Amino acid sequence: MPRPLIPHRRERILDAAEHLVLSQGFVAMNVAAVAERVGIAKGAIYLEFASKRDIREALLRRGADRMSATVAAQLTEEHPALSHAYRVTVRALLAEPLMVAAFLDDEGVLGAHAEGVTDDRFRRHHTMIVDWIADLQSRGRFDPTVSPEHLGLTLSSATVGLLSAARRFGPISAAQLEGALSTLADLISFLEIPAADGTLDNGSTA
């Protein structure tokens with residue numbers, strides 16, 4: 001007689017893996033430990049994930065999806081100011097321990113994850129920023145002398161660079177990460193043009 005399926009098995013595996021990654025680091029986390037924590041056989045893990053690396057990727061995607069949902073719920077304006085969006089994203093990031101670990105990592109928690117990315121997620125993020133700046137310019141809300149492509153590349157490179165900052169410069173703290181991202185938001189705000197009533201698109205006063 002076949003064993004009954006475990007409800008929400010994939011999510012339970014990811015929950016267990018996230019706990020182990022945050023407490024022990026990605027390198028120390030192993031499939032056997034995940035299986036033991038969930039209460040299933042190792043083979044059941046491989047029904048959901050082909051490898052330990054796939055578990056890591058799924059964890060990062062889940063964390064990014066939760067962040068995106070949080071940001072989307074808070075950015076209710078149709079055309080939010082880019083600096084405001086950065087600040088909302090910083091708050092959402094700091095509320096996700098795994099995503100914070102991705103930025104602060106010295107390879108102990110998540111390994112060299114940025115170098116292992118083979119899809120177009122960074123390119124898509126870059127394109128979104130460029131389009132956002134161009135849209136703000138078309139509505140007279142952003143400095144028209146700035147090249148969207150050049151500024152977008154600068155902002156995207158800064159974000160990607162932060163993913164390897166800990167390994168390049170030594171350990172950085174969550175406060176330093178927050179400060180760096182908030183500084184990007186401050187720099188962006190200097191290029192934003194308030195509406196006639198003196199407010200930006202999010203309603204705040206410039």
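Mentor: Let us begin with surface: accessible areas are found by the Shrake-Rupley method with a 1.4 Å probe, and for residues only the protein chains shown count as cover. The protein chain here exposes about 11000 Å², and carbon and sulfur atoms supply 58% of that area. This is a predicted model, in which local features need pLDDT of at least 70 and side-chain atom pairs count only at pLDDT 80 or more, while totals for chains, interfaces and linings use all residues. Residues are numbered from 1 along each chain as its sequence is written, and side-chain values use heavy atoms, with hydrogens and water left out.

Trainee: What is the mean pLDDT of the protein chain?

Mentor: The term pLDDT is the predictor's confidence in each residue, from 0 to 100. Where it is low, the predicted coordinates should not be read in detail. The mean for this protein chain is 84, and 84% of its residues reach 70 or more. Confidence is lowest in helix H9 (residues 165-169), with a mean of 81, and highest in H10, with a mean of 93.

Trainee: How many helices and strands does the protein chain have?

Mentor: Helices (H or I, at least four residues) and strands (E, at least two) are DSSP runs, numbered from the N terminus. The protein chain has 10 helices and 0 strands. Read from the N terminus, its elements are α-α-α-α-α-α-α-α-α-α.

Trainee: What percentage of the residues of the protein chain count as buried?

Mentor: Buried means under 20% relative accessible area, exposed over 50%, and partly exposed in between (1.4 Å probe, protein chains only). Of the 206 residues of the protein chain, 43% count as buried. As for contacts (heavy atoms within 4.5 Å), residues 24 or more positions apart account for 68% of those in the protein chain with a separation of 6 or more.

Trainee: How many residues has the largest nonpolar core?

Mentor: In soluble globular proteins, nonpolar side chains tend to be buried together. A nonpolar core is a set of buried Ala, Val, Leu, Ile, Met, Phe, Trp, Tyr and Cys residues joined through side-chain atoms within 4.5 Å. The largest one here has 30 residues; those with the most contacts inside it are Leu82, Tyr86, Leu93, Ile133, Leu155, Leu177 and Leu181. At least two residues of this core come from each of H4, H5, helix H6 (97-104), H7, H8 and helix H10 (174-189). H5 gives the most, with 7 residues. Another core, of 20 residues, lies apart from it and includes Ile13, Ala16, Val21 and Phe49.

Trainee: Which residues does leucine 93 touch, not counting those up to four places away in sequence?

Mentor: Leucine 93 touches Met67, Met99, Val100, Phe103, Leu177 and Leu181 on that count.

Trainee: How far apart are the end C-alpha atoms of helix H7?

Mentor: The expected span of a helix is 1.5 Å times one less than its number of residues. Because helix H7 (residues 121-138) has 18 residues, it should span 26 Å, and its end C-alpha atoms are 26 Å apart, which agrees. Its buried residues are Arg121, His126, Ile129, Val130, Trp132, Ile133, Leu136 and Gln137. Their cover includes helix H4 (52-74), helix H5 (82-94) and helix H8 (148-162). Just after H7, glycine 140 takes a positive phi of about 70°.

Trainee: Which residues are buried in H1?

Mentor: An α-helix has 3.6 residues a turn, so residues three or four places apart point the same way. In H1, the buried residues are Arg9, Ile13, Leu14, Ala16, Ala17, Glu18, Leu20 and Val21. Helix H2 (31-38), helix H3 (42-48), H4 and H6 are among the elements that cover them. Valine 21 belongs to helix H1 (residues 9-24), and valine 21 is buried because its relative accessible area is 0%. Glycine 25 follows H1 and has a positive phi, near 95°.

Trainee: With which side chain does the side chain of serine 156 make a polar contact?

Mentor: A polar contact is a pair of N or O atoms within 3.5 Å; within protein, one must be able to donate a hydrogen and the other to accept it, and residues adjacent in sequence count only if both atoms are side-chain atoms. The side chain of serine 156, in helix H8, makes such a contact with the side chain of histidine 126, at 3.1 Å. Serine 156 has a relative accessible area of 8%, so it is buried.

Trainee: Is arginine 62 buried or exposed?

Mentor: Arginine 62 counts as buried because its relative accessibility is 11%. It is found in helix H4, and its side chain is joined to that of glutamate 18 by a polar contact of 2.8 Å. Leaving out residues up to four places away in sequence, arginine 62 touches Glu11, Leu14, Asp15 and Glu18.
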